[in-house]
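Subject: Structure handover

Hello,

Here is the structure I promised you. Please open it and keep it on screen while you read.

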Amino acid sequence: MTTKEDQLNPAASAAVTPPIFISTSTLQSLITHKSLIHHLQSTLPTLSPTIHSPIRHAHQTSPSSSLLLMPSWSLSPSLPYVGIKLVTYYPNNSTLNLPGVQAIYMLFNSLIGQPLASIDATELTYYRTACVSALASFYLSREDSETLLMIGAGSLAPHLIRAHLSVRPGVKKVIIWNRTGEKARIMAEKMSNESDFLEVRFQSNGCNLEELVKEGDIISCATNSEIPLVRGVDLKAGTHLDLVGSFKNSMKECDDEAIRRGRVFVDNEAALTEAGELVGAFERGIITKDEIAGDLVGLIKREKPKRKSSEEITVFKSVGSAVVDLLSAQLVYENYMKSGQ
């Protein structure tokens, strides 16, 4: 009989057992933003070189929707997994009060090909995206940051707020801005009642976005915008700008001036060809690819100075990666197997 210990170490047994399903509620019981940040911080430098991750497949399924396939695998004894995330992107779902991005993650044993788990990857994606941003912020934002501006009030926004606050517990005020002010108001009210944030003051919209940008010590953007929302001229000295939303050339959350003023880091090389803010800046000669300061693994390994001064503006652009998906799925799956559920 195959035990949970055998399945946790897939090489221990060749017996095929049915794959488990990890739902949203189960996933939420297995990890926190803090635990995933710590896991990525400790595993990315050592395990990412062992992971094979082809360029993601992107297919246009309608004029406004897409299907993305993101495979990765490793033969490392400490990461004996094959994984693939299947993602649907339906930006118009916001009008139906549904997530614009939905996904499922399939995890296999890389030594014998056995399916191990099917994971709700909509929630997994929210966690991993937010934790990548927060991990970068740990190295790039000022330790004395007090105001977080969250631009966008979609399903990812609460995760970004929780993750950023976990690495910058000194933040005293969170401002949520959204084109639909009512969504921002509802989110601010809901998060202000969470027990972990009773000492944090939440507010929404209030005034125009340009004025709010001037307040932010950390500015996190998670939108589908194709026009710049953050103007570089409005960034105050010492701001850290976190850009999450864009993943194709037509999308952009900040203007060229923000890129020009900032010291720019990326989560991985794909951002150089996929992020609209960067592709456009390269084409217009605002910066060159050689001027990108580094990536997330380099930040963790401290290959480049994290922040040169308290006045420096830093920018982190992420587009996501199958490497981080696999490491996140590893933590969820292995915690499940240890939990006895």
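Below is what turned up, one topic at a time. Keep in mind that this is a predicted model.

**The cores**

Start with the largest nonpolar core, which has 74 residues. Which members touch the most others? They are Leu-40, Ile-161, Val-174, Ile-176 and Phe-202. Helix α4 (residues 121-140) gives the most to this core, at 12 residues.

Now click on Val-174. Leaving out residues up to four places away in sequence, Val-174 touches Leu-148, Ile-161, Leu-165, Val-200, Arg-201, Phe-202 and Gln-203. There is also a second, separate core of 30 residues. Leu-149, Leu-212, Val-266 and Leu-278 are among its members. As background, nonpolar side chains in soluble globular proteins tend to be buried together.

**Helix α5**

Next, go to helix α5, which spans residues 157-167. How many of its 11 residues are buried? The count is 9, so this helix is mostly covered. Ile-161 and Leu-165, both touched by Val-174, are on the buried list. That list also includes His-159 and His-164.

**Aromatic pairs**

A search of the whole structure gives 3 aromatic pairs. Two are worth a look.

Take Tyr-81 and Tyr-333. Their ring centres are 6.0 Å apart and their planes meet at 80°, so the pair is edge-to-face. The partners come from distant parts of the chain, 252 residues apart. Tyr-81 sits in strand β5 (residues 81-89), and Tyr-333 in helix α12 (residues 322-339). Are they buried or exposed? Tyr-81 is buried, at 0% relative accessible area. Tyr-333 is buried too, also at 0%.

Then find Phe-197 and Phe-202. This pair is tilted, with 6.1 Å from centre to centre and 55° between the planes. Phe-197 has 8% relative accessibility, so it counts as buried. Phe-202 has 12%, so it is buried as well. You met Phe-202 above, in the largest nonpolar core.

**Strand β12**

Last stop: strand β12, residues 240-243. In a regular strand, side chains alternate between the two faces of the sheet. Here, His-240 and Asp-242 point one way, while Leu-241 and Leu-243 point the other way. All four are buried.

Which strands pair with β12? One is β11 (residues 218-221), parallel to β12 over 4 bridges. Ser-220 stands opposite Asp-242 there. The other partner is β15 (residues 314-317), also parallel and joined by 4 bridges. In β15, Thr-314 is the bridge partner of His-240.

Best wishes

Methods: Residues are numbered from 1 along each chain as its sequence is written. This is a predicted model: local features need pLDDT of at least 70, side-chain atom pairs count only at pLDDT 80 or more; totals for chains, interfaces and linings use all residues. Side-chain values use heavy atoms; hydrogens and water are left out. Buried means under 20% relative accessible area, exposed over 50%, partly exposed in between (1.4 Å probe, protein chains only). Helices (H or I, at least four residues) and strands (E, at least two) are DSSP runs, numbered from the N terminus. Rings of Phe, Tyr and Trp (its six-membered ring) pair if their centres lie within 6.5 Å; planes under 30 degrees apart count as stacked, over 60 as edge-to-face and the rest as tilted. Two strands pair if DSSP finds at least two bridges between them. A nonpolar core is a set of buried Ala, Val, Leu, Ile, Met, Phe, Trp, Tyr and Cys residues joined through side-chain atoms within 4.5 Å. Contact means heavy atoms within 4.5 Å.
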